[in-house]
Amino acid sequence: AVLLIGEQGTAKTVMIKGYMSKYDADVHMGKSLNFSSATVPLMFQRTIESYVDKRMGTTYGPPAGRKMTVFVDDINMPIINEWGDQVTNEIVRQTMEMQGFYNLEKPGEFTHIVDIQFLAAMIHPGGGRNDIPERLKRQFCVFNCTLPSNNSMDHIFRIIGLGYFCAERGFSADVIDMVKKLVPATRVLWQLTKVKMLPTPAKFHYIFNLRDLSRIWEGMLKV
């Protein structure tokens, strides 16, 4: 099991879904689900049950004897109750640790889940964002996803900008030269905005990630 942690826009979901897309569907299935603040344990149980077929007794597994990887995006989103527990993630932990879970609709009955593994992604905790329980975190191999370096970001957006604003499309040399200067200038402005305009309880939407820098260039490429 692997857990990717990183800022928004560091391609956690893209990397995992890209990896899962390489599975041979006849041998290994890939399923994805998103957690939110409204996700409760019963919703997780029913989702997992919808992915598996009965094999024997109370043992369930992926259809046709295949194996399955389940990707849980935003795994840290479920709310923490008044006692400090994140109950939705406790059933995830139980599923991984005990290869199954106690059925919430049939008290006392344990449902065995076989041939299944989990991948997950979450944003860095802090600033009003939840962490996941340590008992769940220990089930994963954790990797931190970092933002590209300044040189890498400039290189990416320079290729995009100069690929559009080029002589072949009728743009003058002055415009092309200005685009070369706009690339680092836009990146610096984005970085300063991130530092100066921090999220607060009243302005919780002040989260500026790499997607916002991409949207700026998306807008410029429409001229």
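Biologist: Helices (H or I, at least four residues) and strands (E, at least two) are DSSP runs, numbered from the N terminus. At what angle do helix α6 and helix α7 pack?

Modeller: This is a predicted model, where local features need pLDDT of at least 70, side-chain atom pairs count only at pLDDT 80 or more, and totals for chains, interfaces and linings use all residues. Residues are numbered from 1 along each chain as its sequence is written, and side-chain values use heavy atoms, leaving out hydrogens and water. Helix α6 (residues 173–196) and helix α7 (residues 210–220) pack at about 145°, with axes 10 Å apart. Those axes are lines fitted to C-alpha atoms over the stretch in contact, and the angle, from 0 to 180 degrees, is between N-to-C directions.

Biologist: Which residues make the contact?

Modeller: Contact means heavy atoms within 4.5 Å. Among them are Val179, Leu182 and Trp190 of α6, plus Leu213, Ile216 and Trp217 of α7.

Biologist: New topic: how many salt bridges does the structure hold?

Modeller: It holds 13, each a side-chain nitrogen of Lys or Arg within 4 Å of a carboxyl oxygen of Asp or Glu. Asp212 and Arg215 sit three residues apart, about one turn of the helix.
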